[in-house]
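Keep the structure open and try each task before you read its solution.

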Amino acid sequence: EYEAEQIDGSLDEFETYEQYLDSQIRPDPDMFYLEDRELARQLYEVGYHGRGEILSREEFKKKKDSIAEAKANKHSQQPKALASSEFGEIIEKSPFLKALAEREERIKTGRLTSILFLRVAEKKKSKMKAKADEEGKESNEKTIEISGYIDLAHRLKTEDFKI
């Protein structure tokens, strides 16, 4: 496994599989007896050699692709500015928002998770209530309640919190 990690790191210097095979060929014994670079490549590719493991053409391509993908992912995961940094005045006025701002960096880095439960209840007059009020009769007000859970880590990743 350690040897494979070394090969992975060194694959960056090879653009083609042939260049990779050429790096495995030893000038002294291999080229002295074979005298043909293409023949030496073929022998190394099929495994007729006495040194370590040589990647097949498919393995070479897969590892090159995975290295390129890992590099692309590394660049796309650059840290973003904290959303709370743009809302300084608003956050200072609310203890709830202040508590969220204190947790934001730890949530974004994965060291903390927070699930918020929000519930809003509002009393609404129904059409019948409004009509009963006009006629001077008593009626009950209707309470409408909306609630939900919010995964804060997911929202911080997917939402753009801008004013």
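**Exercise 1.** How many salt bridges does the structure hold?

Solution. Keep in mind that this is a predicted model. The structure holds 6 salt bridges. Here's the general idea: side chains of opposite charge can pair when their charged atoms come close.

**Exercise 2.** Find the salt bridge partner of Lys61, then work out where the two residues sit.

Solution. Step one: the partner is Asp65, and the closest N and O atoms are 3.3 Å apart. The cut-off is 4 Å, so this pair counts. Step two: both residues belong to helix α5 (residues 57-76), and 4 residues, about one turn of the helix, lie between their positions. Step three: Lys61 is exposed at 51% relative accessibility, because exposed means over 50%. Asp65, at 40%, is partly exposed.

**Exercise 3.** Glu104 and Lys108 form a salt bridge. Is Glu104 buried or exposed?

Solution. Start with the distance: N to O, it's 3.8 Å. Now the accessibility: Glu104 has a relative accessible area of 4%, so it is buried, the cut-off being under 20%. Lys108 is partly exposed at 32%.

**Exercise 4.** Which residue meets Arg155 in a salt bridge?

Solution. Look for Glu159: the N to O distance is 3.6 Å. Then check both accessible areas: Arg155 is partly exposed at 33%, and Glu159 is partly exposed at 38%.

Terms used:
Residues are numbered from 1 along each chain as its sequence is written. This is a predicted model: local features need pLDDT of at least 70, side-chain atom pairs count only at pLDDT 80 or more; totals for chains, interfaces and linings use all residues. Side-chain values use heavy atoms; hydrogens and water are left out. A salt bridge is a side-chain nitrogen of Lys or Arg within 4 Å of a carboxyl oxygen of Asp or Glu. Buried means under 20% relative accessible area, exposed over 50%, partly exposed in between (1.4 Å probe, protein chains only).
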